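Here are my notes on this one, written up as numbered points. Have the structure open while you read; I start with the overall layout and then move to the ligand.

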Amino acid sequence: MSLTLTRDVLLKERTTLRLGGPVLAEAVVSCEAGLDELARALPGLGGQPLALGAGSNILAGDGPHALVLVRAASGSRADATPEVSTQTEGSAGKTILVRAGAGLRLPRLLGFCQHAGLTGLEGLTGVPGSVGGGVAMNAGSYGVELGALLTRVRVWTPEGGLVWRKAEDCAFGYRHFNPELTAGFWLVWEAEFALRAEAPFAVRSRMEAAYAKKKATQPVTARSAGCVFKNPAGTSAGRLLDEAGVKGKRLGGMAFSTLHANFLVNEGNGTAAEALELLEYGRARVFDRFGLDLETEVKVLP
Ligand code: EPU
């Protein structure tokens with residue numbers, strides 16, 4: 001099957017925060033032919049399409065959502081490996097181009113880089129997203145942003161089908177990416193990154209160091225959606241929330257992490273209503289204390 005349509009899907013089953021009510025349908029596209037089928041199916045499904053990767057940056061409301069989840073399963077098979085080619089550049093030396101499907105999980109891409117001896121992505125160790133979601137939000141950690149390594153991206157739109165966009169034709173910002181193709185729906189299908197050859201043991205030790213640091217300072221194994229607020233220029237939202245006394249604050253089954261104040265965690269039976277109330281509580285505490293209005297980083301689906 002190149003397109004699999006499912007009804008009765010709950011966002012809480014598709015998001016790392018484990019929150020969210022039912023959607024109209026979920027469309028999983030496993031090959032290019034499925035994208036044509038998707039273009040034909042979308043108008044009949046109603047609601048708005050929402051591109052969903054690993055669901056690791058989403059806070060979805062408890063009620064029903066007039067949404068069709070669209071998931072690119074390109075590269076998601078257990079045996080999928082990124083495609084590698086070499087480009088020789090003048091003085092900059094050798095660049096290794098790595099092409100990966102949107103459905104490939106970032107941890108698997110990093111594992112591949114470790115074994116193949118490719119450097120560049122180590123800072124993203126412990127980031128749970130997919131290649132597609134990571135590109136679509138320009139995921140970053142420890143000084144590495146996916147957008148900075150992207151050479152080109154293959155994007156699908158219902159009107160135009162699949163097109164390769166050069167990175168220089170796309171817009172990038174802090175946790176922001178736009179292929180600048182359409183004001184409507186777009187889906188990352190495949191991405192190409194420029195990495196460099198490096199001894200596998202060196203890549204591995206940098207990944208281990210990044211993971212150890214992350215594990216000591218962030219609740220990496222908890223049910224969370226990563227940082228919920230953007231960092232204001234020059235400071236850390238986590239530090240501001242911590243200093244405003246928000247760290248560890250709980251409501252029902254939701255809490256601000258005791259390890260890093262910018263993470264909301266679902267302790268098992270939390271609800272989106274509780275999460276949203278805590279989010280506003282944290283924002284208000286920081287505003288009262290520092291006069292700074294924190295901007296939400298997690299994507300909220302009301
Ligand atoms: N801090 C506190 N209390 C806290 C949390 C942090 O005092 O509860 C202090 C730390 O001690 C440190 C400073 O704040 O001095 C910065 O903390 P950290 O290194 O954890 O980085 P961050 O600015 O809080 C950002 C990103 C993270 C990313 C890390 C590492 C944002 C909103 N957050 O966090 O990204 O993993 O840097 O690069 O940009 C995410 O995108 O979801 C995310 C978690």
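Into which domains is the protein divided?

1. Before anything else, keep in mind that this is a predicted model. The protein splits into domain 1 (3-72), domain 2 (79-213) and domain 3 (221-301).

2. Let's take domain 1 and domain 3 as a pair. Their C-alpha centres sit 26 Å apart. The contact draws on 15 residues from domain 1 and 20 residues from domain 3.

3. How big is that interface? For domain 1 and domain 3 the buried area is about 1,300 Å², with carbon and sulfur atoms giving 62% of that. On the domain 1 side, Leu-17, Asn-57 and Leu-59 lose the most area to domain 3, and together they make up 47% of what that side buries.

4. Now the ligand. There are 20 residues around the ligand, and the ones that come nearest are Tyr-142, Tyr-174, Cys-227, Asn-231 and Asp-242. Sorted by class, the shell has 6 nonpolar, 8 polar and 6 charged residues.

5. Gln-218 has a polar side-chain atom 2.9 Å from an oxygen atom of the ligand. For Arg-239, a polar side-chain atom is 3.0 Å from a ligand oxygen atom, and for His-260 the corresponding distance to an oxygen atom of the ligand is 2.8 Å.

6. How much of the ligand's accessible area does the protein cover? On its own the ligand has 830 Å² of accessible area, and the protein covers 74% of that.

7. Which elements give two or more residues to the shell? Those are strand S16 (223-227) and helix H6 (237-243). H6 provides the largest share, 3 residues.

8. Last, back to the domains, this time from the ligand's point of view. Domain 2 (79-213) and domain 3 (221-301) each supply at least three residues to the shell around the ligand.

Key. Residues are numbered from 1 along each chain as its sequence is written. This is a predicted model: local features need pLDDT of at least 70, side-chain atom pairs count only at pLDDT 80 or more; totals for chains, interfaces and linings use all residues. Side-chain values use heavy atoms; hydrogens and water are left out. A residue is near a molecule or strand if one of its heavy atoms lies within 4 Å of it. A polar contact is a pair of N or O atoms within 3.5 Å; within protein, one must be able to donate a hydrogen and the other to accept it, and residues adjacent in sequence count only if both atoms are side-chain atoms. Accessible areas come from the Shrake-Rupley method with a 1.4 Å probe; for residues, only the protein chains shown count as cover. Helices (H or I, at least four residues) and strands (E, at least two) are DSSP runs, numbered from the N terminus. Ala, Val, Leu, Ile, Met, Phe, Trp, Tyr, Cys and Pro count as nonpolar, Asp, Glu, Lys and Arg as charged, and the others, Gly among them, as polar. Domain bounds come from an automatic or database domain assignment. Contact means heavy atoms within 4.5 Å. Buried area is the accessible area (1.4 Å probe) that two parts lose on being put together, summed over both.
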